[in-house]
Amino acid sequence: MELLLISQKNTLKSCRSKEESKFYMALLISWRPPVSNVSFPFMVKKTPPSKSVKLGVYSTNNISCSVSSSASRMVVQRKLPILLFDVMDTIVRDPFYQDVPAFFRMSMKELLECKHPTAWIEFEKGLITEEELTRKFFKDGRSFDMEGLKNCMRKAYSYIEGVEGLLNSLKENGYEIHAFTNYPIWYQMIEDELKLSNYLSWTFCSCVLGKRKPDPDFYLEVVKHLNVKASNCIFVDDRIRNVEAAIELGLKGLQFKNADLLRKDLFLLGVDISMNESQDLAECSS
């Protein structure tokens, strides 16, 4: 390197005109020693050995990366929006309105009249155990076959038409999906039967957090746990009261009516659902 600099200085001295002198001076200033094992973009800078040198930063919509002389590191950002799904009558058919009255050989009206007014809500919030629910389910304290009731509900759980394919499409497109549901510990029976965890996380269940929709504290706790802005969440529920509560707190809310309408509503909110229904169903059944 020293010989090259001497050579360039001698060339500069031998220039016959100011124009030639300026040209070789610019050439000398712009010259840099070759740097090996460094990829673009980079910055060469003198620094003490104990300090790292930041070499460059670049980003895309979903991934940001920075490169340093001491190490390379990659930080993967979450794909937004985050999707929050109610479960009963949004993803899974709720057996309470048909199968449960039939199990007790009652009409829905009769069942509502004789069941305890708060026992099921307490069970959903995790305030009472299954054994306590058995004692309190009816106002008059009558006994019944709890295991028979649970088996009846297990058999009745099924995906609402088109929803499993939609969930699969959202999963394949990289979206983060969470259950946000009012349901007791029996959500584990739903998981056993339908394997919702193939598509979502059972993150926000009333029986675990001790709160029920539309309690504002439940929504606020969800947003705090996710560590995102409320506006970066889309909440889907079949009950308009729960949807309105979400919207009041800054979340985007959609009332579920059927899978086709939900697919369109999500698309209008910018959610990428590029897979078609037949492909979704084929992958779900494989």
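Predicted model: local features only at pLDDT ≥ 70, side-chain atom pairs only at ≥ 80, totals over all residues.

**The pocket lining and the sheet**

Tutor: Helix H5 gives the most to the lining of the largest pocket, with 3 residues. The volume of this pocket comes to about 550 Å³. Its lining is made up of 23 residues, and the closest to the centre are Tyr 97, Trp 120, Glu 124, Arg 212 and Arg 239. Two elements give two or more residues to the lining: H5, which spans 119-124, and helix H12, which spans 240-248. Trp 120 and Glu 124 both fall within the range of H5. Sorted by class, the lining holds 11 charged, 9 nonpolar and 3 polar residues.

Now let's turn to the sheet. Its 5 strands form an open arrangement with parallel pairing, in the order S6-S5-S4-S7-S8. From one strand to the next, the twist averages 25°.

S6 runs parallel to strand S5 (residues 177-181), and 3 bridges join the two. Here Phe 180 stands opposite Phe 204 of S6. Helix H11 (residues 216-226) packs on the sheet, where it touches S5 and S6 as well as strand S4 (82-85) and strand S7 (233-237). The direction of H11 makes about 140° with that of S6.

Definitions and conventions. Residues numbered from 1 in each chain as written. Heavy atoms only, no water. 1 Å grid on protein atoms, 1.4 Å probe; cavity = no way out; pocket = protein on both sides within 12 Å on 5 of 7 lines; lining within 4 Å. Points joined across faces, edges and corners; volume = space filled by probe spheres on them. Helix = DSSP H or I, 4+ residues; strand = E, 2+ residues; numbered from the N terminus. Nonpolar A, V, L, I, M, F, W, Y, C, P; charged D, E, K, R; others polar. Pairing = 2+ DSSP bridges. Axes fitted to C-alpha atoms, helices over the stretch in contact; angles between N-to-C directions. Contact = heavy atoms within 4.5 Å.
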